[in-house]
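Q: I have a model open and want to go through it piece by piece. Can you take my questions as they come?

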Amino acid sequence: MTGVVVKGLGGLFEVLTDAGRIACRARGTLKRDEDKVLIGDRVELAAPDGEYVIEKVFPRKNALIRPPIANLDALYCVIAAARPAPALETLDKLLAIAENKAIRAALVVTKTDGDKAAAEYYAEIYRRVGYPVFTVSSLSGEGIDALRADLFGQLESGLTAAFAGASGVGKSTLLNRLLPGVSLETGEISRRVERGKHTTRHVELFPEWGGFVADTPGFSMLDFARFDFFSLPELFDAFPEFAAYRGKCRYADCTHTGEGPDECAVARAVRDGEIPSSRRDSYRTLYATLKGKPDWR
Ligand SMILES: Nc1nc2c(ncn2[C@@H]2O[C@H](COP(=O)(O)OP(=O)(O)OP(=O)(O)O)[C@@H](O)[C@H]2O)c(=O)[nH]1
Ligand SMILES: [Mg+2]
Ligand SMILES: [Zn+2]
């Protein structure tokens with residue numbers, strides 16, 4: 001029997017099969033780090049002793065480390081217009097990872113009720129880059145229908161989508177609003193540190209509208225920064241708006257990080273307002289990280 005892993009807690013998984021949800025553990029060899037079963041995995045179950053175990057994980061289309069999920073088709077990257085203040089570097093890293101793994105990425109700016117102008121500011125940066133952008137308020141309901149229509153479009157073709165972003169941006173609150181069938185726990189934002197409290201602790205997939213949608217734990221910046229994700233030569237392609245400037249720098253070995261507008265076509269595009277400067281800043285930071293330097297600046 002085969003199925004999709006929709007939930008996992010302390011080594012106990014829930015696998016959705018044609019025969020319904022089956023709770024089971026994984027075979028011993030699937031517990032080692034590199035072969036660990038991920039939520040979203042397509043698996044084969046066997047019942048050698050009358051009790052189901054995950055026998056085999058089918059080859060993955062892709063897998064993310066943060067959030068830990070496999071076979072993702074669409075990633076909704078979530079930031080808040082108000083608290084917690086967005087870290088664009090983290091967002092850009094997440095977008096770059098999606099790009100690198102050929103996952104369709106979109107931006108969701110929540111809490112527009114808190115700061116409309118900030119929401120528009122962030123939305124505009126990413127519209128210019130070319131990403132689908134949704135500005136929403138789970139409080140007032142603004143923008144919810146447009147986002148739901150987009151999500152529906154993904155799921156009805158049988159795809160798997162996840163919502164990811166920092167803790168406290170409102171992912172679970174939003175999913176409660178988008179999906180009438182779910183009721184996820186949500187948490188307050190700490191008044192002292194202006195951050196979320198990691199209310200969601202585990203990735204869980206919900207079967208909805210013919211596909212799967214995942215709520216994921218918010219990552220902390222530090223945690224997220226620790227993960228290497230692809231190699232330096234892949235970085236350029238992970239910033240889709242840079243493609244138009246490929247091969248247009250003066251020197252073939254241009255790194256597009258420190259070179260000025262005279263030499264570098266990307267720097268020129270930033271100067272001329274064609275590429276948002278925050279995107280190039282993120283590129284520089286990621287470049288430095290991937291090169292193994294502590295920091296660019
Ligand atoms: N004003 C306002 N508050 C919101 C909105 N969406 C969520 N919140 C609040 O933000 C806080 C955090 O919401 P959650 O949904 O728990 O955030 P999360 O992203 O799931 O956080 P983690 O599970 O920790 O990753 C809660 O107090 C929500 O009520 C919104 O659109 N407007
Ligand atoms: Mg949550
Ligand atoms: Zn260049």
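Predicted model: local features only at pLDDT ≥ 70, side-chain atom pairs only at ≥ 80, totals over all residues.

Q: Where is W209 in the chain?
A: W209 is in the loop between β12 and β13.

Q: What about the phi of W209?
A: The phi of W209 is positive, about 50 degrees, although W209 is not a glycine. Most residues other than glycine have a negative phi.

Q: Which other non-glycine residue has a positive phi, and what is the value?
A: H256 is one, with a phi of about 60 degrees. H256 lies in the loop between α5 (221-225) and α6 (265-271).

Q: And is H256 buried or exposed?
A: H256 counts as buried, because it has 24 C-beta neighbours inside 10 Å. Over the chain, buried residues make up 38% of the 297.

Q: On to peptide bonds. What joins R66 and P67?
A: A cis peptide bond, with omega about -10 degrees. P67 is in the loop between β6 (63-64) and β7 (69-70). The bond from R83 to P84 is also cis, with omega near -10 degrees, and P84 sits in the loop between β8 and α1 (88-100). Most peptide bonds are trans.

Q: Let's zoom out. How many helices and strands are there?
A: The chain has seven helices and 13 strands.

Q: What order do the strands take in the open sheet?
A: Six strands form it, in the order β10-β9-β8-β11-β13-β12, and the pairing is mixed. The edge strands are β10 (133-135) and β12 (204-208); each has a single partner strand, so one side of each has no neighbour in the sheet. The twist from one strand to the next averages 25 degrees.

Q: How do β8 and β11 run, and how many bridges join them?
A: Strands β8 (residues 74-80) and β11 (residues 160-165) run parallel and are joined by five bridges. In that pairing, V78 stands opposite G165 in β11.

Q: What does α4 touch on the sheet?
A: Helix α4 packs on the sheet and touches β8, β9, β11 and β13. The direction of α4 makes about 145 degrees with that of β11.

Q: Which strands does α3 lie across?
A: Helix α3 (residues 144-155) lies across β8, β9 (104-110), β10, β11, β12 and β13 (211-215). Relative to β13, helix α3 runs at about 130 degrees.

Q: Switching to ligand 1. Which residues come nearest?
A: G170, S172, T173, T200 and G218 come nearest, out of 25 residues around ligand 1.

Q: Which element gives the largest share of that shell?
A: Helix α4 (residues 171-178) does, with three residues.

Q: How does the shell split by class?
A: There are 16 polar, five charged and four nonpolar residues around ligand 1.

Q: What share of the contacts joins residues at least 24 apart?
A: The share is 64%, taken among contacts between residues at least 6 apart in sequence.

Definitions and conventions: Residues numbered from 1 in each chain as written. Chains lettered and ligands numbered in written order. Near = placed C-beta within 6 Å. Helix = DSSP H or I, 4+ residues; strand = E, 2+ residues; numbered from the N terminus. Nonpolar A, V, L, I, M, F, W, Y, C, P; charged D, E, K, R; others polar. Buried ≥ 20, exposed ≤ 12 C-beta atoms within 10 Å, placed from the backbone. Contact = placed C-beta atoms within 7 Å. Pairing = 2+ DSSP bridges. Axes fitted to C-alpha atoms, helices over the stretch in contact; angles between N-to-C directions.
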